[in-house]
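Good morning, colleagues. I would ask you to keep the sequence and the structure in view while I speak.

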Amino acid sequence: MNSSTAQKLDIQKVKTSRVTEVDFNNLTFGSTFSDHMFECDYKDGGWQKPTIKPYGPLTISPAAKVFHYGQAVFEGMKAYKDDHGKVWLFRPEENFKRINKSSVRMAIPEFPKEIFLEALTTLVKLDKEWVKPGLGNSLYIRPFVMATQVGVGASPSTEYKFMILMSPAQAYYTGDVKVVIADHYSRSANGGVGAAKAAGNYGAQFFPTNLAREKGFQQVIWTDASNHEYLEEAGTMNVFFRVNNSLLTAPISDRILDGVTRKSVIALAKKDNITVEERPVLVSEIIEAAKNGTLKEIFGAGTAAVISPVSAFSYKEDTYELNKQEDGFATRFKKELMEIQHNLSEDPFGWRLEVV
Ligand SMILES: *Cc1c(COP(=O)(O)O)cnc(C)c1O
């Protein structure tokens, strides 16, 4: 590691907080940002002075490589406040490991762990009034890295900016999600960037998702790029299928994002002796299960919505409805996860980290 990374975190606080101006009962997800942000530049082969400063605009050259070649990765995680006013993070080391894994795939230099964790906990402490108690309320945290070197030469940037923003979020009800099983477009391919949280992965999903919306569906279930035979992810979430009382989900590969919610659901299910099959899931077997009544549930798993139940799916010309399961796995895992995150239940796996 470059010696410059040993620099101390510089903190510039806001003069007056904006927290009193915010209507915490009317938040649009990801559109209001807390008082402070974290910023650290990479140049001359090393990460420079890490800084926390008031949230605000940046000045970046329009020739910065991120705008031309999309060399950028990000993370999504949350802080939660319990009923005693303590603030917790959920498995933050997983997000740290993953942003560096994403960076490696995008030829971005890795970020030092100590600075990441110090930046995160310092930011959350400074802006703890932005985390509201109550099940479902949280402070969404968005770390990201972008290529800032000036120049449109098609080569990896020599300069980067690592940042962390924080945005208060309310319980996120997705309602009934109807999905289309992709039979033409793909999210990721073998050897591609699907396992990285690369910014461009999201941009590439918008068009096929719009086509699904036009047909009255909200999301796309992505299938393998080769033959569209296997079910892989739902929108920007991992996806689970409950057939009878077993849970099926695609195995981690270079086409699948290794979700923290996914692996937490698997751990909770196994603890409760629910059979979990991490294996390729055929479109045909799920259609068969829908027809013979053994398909009980489909749900997405991701940090933003935690668990998002699917009410119907379409494949080519046909639509299949799923019966609502009031006491289903989706409801149960959502409750169990949220209670651990909000310090309302035991934490048998040691997933919570107390920040303040
Ligand atoms: C972020 C993401 C997920 C969910 O990951 P979590 O760690 O559970 O939030 C799933 N799939 C894709 C494609 C993602 O980008």
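Let me begin with a term. A crossing of two helices is called right-handed if the near helix is turned clockwise from the far one by less than a right angle, and left-handed if the turn is anticlockwise. Please also bear in mind that what you see is a predicted model.

With that term in hand, consider helix α2, residues 92-105, and helix α3, residues 113-126. The crossing of α2 past α3 is right-handed. Their axes approach within 11 Å and cross at roughly 130°, which means that α2 is oblique to α3. Which residues make this contact? On the α2 side they are Pro92, Glu93 and Phe96, and on the α3 side Lys113, Phe116, Leu117 and Leu120. Sorted by class, the contact of α2 with α3 holds 5 nonpolar and 2 charged residues, with no polar ones.

Helix α5 spans residues 260-271 and helix α7 spans residues 329-341. Here the axes come within 11 Å and the crossing angle is roughly 105°, so α5 is roughly perpendicular to α7. From α5, the contact draws on Thr261, Ser264, Val265, Leu268 and Ala269; from α7, on Phe333, Glu336, Leu337 and Ile340. The contact of α5 with α7 comprises 6 nonpolar, 2 polar and 1 charged residues.

Finally, the domains. The chain is divided into domain 1, residues 10-169, and domain 2, residues 177-341. How far apart do the C-alpha centres of the two domains lie? The separation of those centres is 27 Å. To the contact, domain 1 contributes 22 residues and domain 2 contributes 22 residues. Between them, domain 1 and domain 2 bury about 1,900 Å², with 63% of that area on carbon and sulfur atoms. Of the area that domain 1 buries against domain 2, Phe74, Phe90 and Arg98 supply 32%, more than any other three residues.

Thank you for your attention.

Conventions. Residues are numbered from 1 along each chain as its sequence is written. This is a predicted model: local features need pLDDT of at least 70, side-chain atom pairs count only at pLDDT 80 or more; totals for chains, interfaces and linings use all residues. Side-chain values use heavy atoms; hydrogens and water are left out. Axes are lines fitted to C-alpha atoms, for helices over the stretch in contact, and angles run from 0 to 180 degrees between N-to-C directions. Helices (H or I, at least four residues) and strands (E, at least two) are DSSP runs, numbered from the N terminus. Angles under 35 degrees count as roughly parallel, over 145 as roughly antiparallel, 65 to 115 as roughly perpendicular and the rest as oblique. Contact means heavy atoms within 4.5 Å. Ala, Val, Leu, Ile, Met, Phe, Trp, Tyr, Cys and Pro count as nonpolar, Asp, Glu, Lys and Arg as charged, and the others, Gly among them, as polar. Domain bounds come from an automatic or database domain assignment. Buried area is the accessible area (1.4 Å probe) that two parts lose on being put together, summed over both.
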